[in-house]
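Please look through the sequence and the model before reading on.

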Amino acid sequence: MINKLRVIPLGGVEQVGKNCMLFEYGSDIIIVDLGVGFPGPDLPGVDWLLPNISYLEKKLDQIRGIIITHGHLDHIGGIPFLIHRLGNPPIFATRLTIGLIEGRTKELGLRNLKFNTIEANKVFTLGSFKIDPFHVVHNIPDSVGLSITTPIGTVIHTGDFKFDDNPGDQRPVDKKKLKRIGDEGVLALFSDSTNAEVSGHTLSEKEIGEKIEEIVRQAPARIIFTSFSTLISRIHQAIVACQKYNRKMAIAGFSIKKSIAIAQELGYIKIPPGLLIDVKNINQYPDNKLFILVTGTQGEERSVMTRISRGQYYMVKIKKSDSVIFSSSAIPGNELAIHRTMNGLIDQGAKIIYQPILGAGVHSSGHAQREELKEMLNLIKPKFFIPIEGEHYMQAQHIELAKESGIKRENCFMLKNGNVLEIDEYQGAKILPQKVNGLSLIVQGKMVKVLERDIIVTRRKMADVGVCIISISFDRKRGQENIQVVFLGLSVGDKIISEIKNKVRNFIKKYGTKKRVKLTIESRLGDFILNKIGKKPVVAVV
Ligand SMILES: [Zn+2]
């Protein structure tokens with residue numbers, strides 16, 4: 001038995017997303033968060049990235065539980081895909097978070113998950129770990145950070161957090177409690193780095209609520225409003241404003257309807273009777289009495305806002321008097337798609353009041369900015385500091401802040417996924433030379449797969465240069481091969497197609513056996529086509 005604390009991020013460092021960190025002491029392991037990552041355009045066909053759990057698969061009997069800090073996908077999204085691979089351990093989360101997890105797991109037909117409801121300030125024990133959740137403000141209610149007491153000291157995992165003394169429908173972070181924990185001595189702080197390079201303090205939710213009310217009061221006609229589906233507090237602000245200024249709210253889009261239904265069922269949102277109308281009936285109301293809440297902050301292909309921008313959403317057609325509001329920020333990489341959506345809306349005559357790229361008074365990040373991160377460091381005063389939830393450049397900025405707060409550089413650790421940070425009884429800490437990485441996992445459709453780079457390379461190539469399919473069958477009547485040539489994603493004239501057929505016929509004559517012909521065509525026909533048309537498609541023989 002090792003009497004050292006081991007901390008291993010399986011995701012969530014050196015990148016944004018797929019948050020998952022395990023704490024191991026003796027024969028006990030707890031996991032904090034099990035999220036998904038968002039694949040970039042370099043991974044076509046990949047729906048989600050998953051934390052690499054091969055280390056855990058060897059130690060299933062030691063897993064005492066999974067604790068989830070809040071209901072965002074990058075913290076819960078991996079559960080449906082990985083929970084059974086982990087031996088279906090108990091899940092510990094707050095009420096809303098459990099509601100959101102159940103929403104996803106039921107959709108995928110998963111049953112028998114072991115949920116345990118936790119609450120801020122209610123301590124529970126899992127093996128060697130005593131866990132004291134503390135309430136944090138984030139842009140989803142019921143978020144917690146964790147104070148985890150181990151046999152060698154207390155560590156703090158902030159989860160996603162910000163400090164906001166006027167957080168709208170939530171209550172502020174209990175700074176007194178954090179200070180008390182800090183005063184008692186904290187071995188290590190693991191803190192959210194998402195906004196470590198953004199100076200100042202996040203805009204208060206109170207100010208955002210006031211701004212939304214001002215817009216609702218002043219807009220001359222319809223308001224079309226989008227925000228993140230899980231941003232329950234923003235939706236709450238919109239409901240309050242509609243009620244105050246007597247507008248009806250119509251909701252369009254599956255994900256936003258679903259999260260409102262869960263939040264309403266669990267009592268996190270109260271919708272006054274008569275406020276909601278069906279989007280099909282909006283034409284029965286005057287334009288200045290309408291507030292249309294839709295999905296699509298990121299220019300997502302199938303979202304309602306994107307379809308409206310293309311004139312493809314028949315229930316809401318843009319009118320010149322419409323005010324469009326994006327209460328959101330751009331997730332890096334989505335800027336082009338958002339611009340395209342906004343261009344489409346403007347082309348149809350809408351007025352866009354707030355833009356996600358420029359940011360403006362109707363959205364605030366859910367993540368602490370530099371002043372708040374400093375405050376967290378100063379309250380907790382940890383011996384060791386580990387920036388989490390962020391790419392390396394964000395982690396590096398966070399370490400600079402920690403140094404300014406008086407933490408020694410050698411006590412700050414920049415972890416990579418799969419690194420093992422070992423803290424021993426005498427409170428020395430080091431990163432072990434060996435990482436615990438195994439094969440990278442992804443979700444493709446409904447399946448969990450190992451990320452195979454060569455498949456991705458082929459996919460990218462197919463998108464770039466198209467596909468040429470050669471079908472060969474033997475025509476008995478004519479006593480010769482029947483050759484079909486089909487191009488996908490490339491337009492090629494008949495003359496070249498008959499030249500390709502001749503070439504294939506020559507290969508058949510020369511290389512006789514089926515297998516050799518197939519291999520030869522697949523490896524050499526591409527060059528022949530390249531010569532003819534200047535593009536070398538992926539060639540497949542069937
Ligand atoms: Zn979050």
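## Interface of domains 1 and 2

About 1,400 Å² of area is buried between domain 1 and domain 2, and carbon and sulfur atoms give 60% of this area. The model is a predicted one.

The centres of domain 1 and domain 2, taken over C-alpha atoms, are separated by 32 Å. To their contact, domain 1 brings 19 residues and domain 2 brings 14 residues.

## Domain assignment

The protein chain is assigned three domains: domain 1 covers 5-200 + 365-450, domain 2 covers 205-354, and domain 3 covers 453-541.

## Polar and charged pairs

Two salt bridges are counted between domain 1 and domain 2. On the side of domain 1 that touches domain 2, the residues comprise seven charged, seven polar and five nonpolar. Across the interface of these domains, seven residue pairs are in polar contact.

Lys258 and Glu107 form a salt bridge, in which the closest N and O atoms lie 2.5 Å apart.

## The zinc site

Four residues coordinate the zinc ion: His70 through NE2, His72 through ND1, His138 through NE2 and Asp160 through OD, at 2.1 to 2.3 Å. Along the sequence, these donor residues follow the spacing H-x1-H-x65-H-x21-D.

The angles among the four donor atoms run from 89 to 171°.

Terms used. Residues numbered from 1 in each chain as written. Predicted model: local features only at pLDDT ≥ 70, side-chain atom pairs only at ≥ 80, totals over all residues. Heavy atoms only, no water. Domains from an automatic or database assignment. Contact = heavy atoms within 4.5 Å. Buried area = accessible area lost by both parts, 1.4 Å probe. Salt bridge = Lys/Arg side-chain N within 4 Å of Asp/Glu carboxyl O. Polar contact = N/O pair within 3.5 Å; in protein donor to acceptor, adjacent residues only side chain to side chain. Nonpolar A, V, L, I, M, F, W, Y, C, P; charged D, E, K, R; others polar. Donors = N, O, S within 2.8 Å, 3.2 Å for Na, K, Ca; no water. Tetrahedral: all angles 85-135°; square planar, octahedral: opposite > 155°, others 65-115°.
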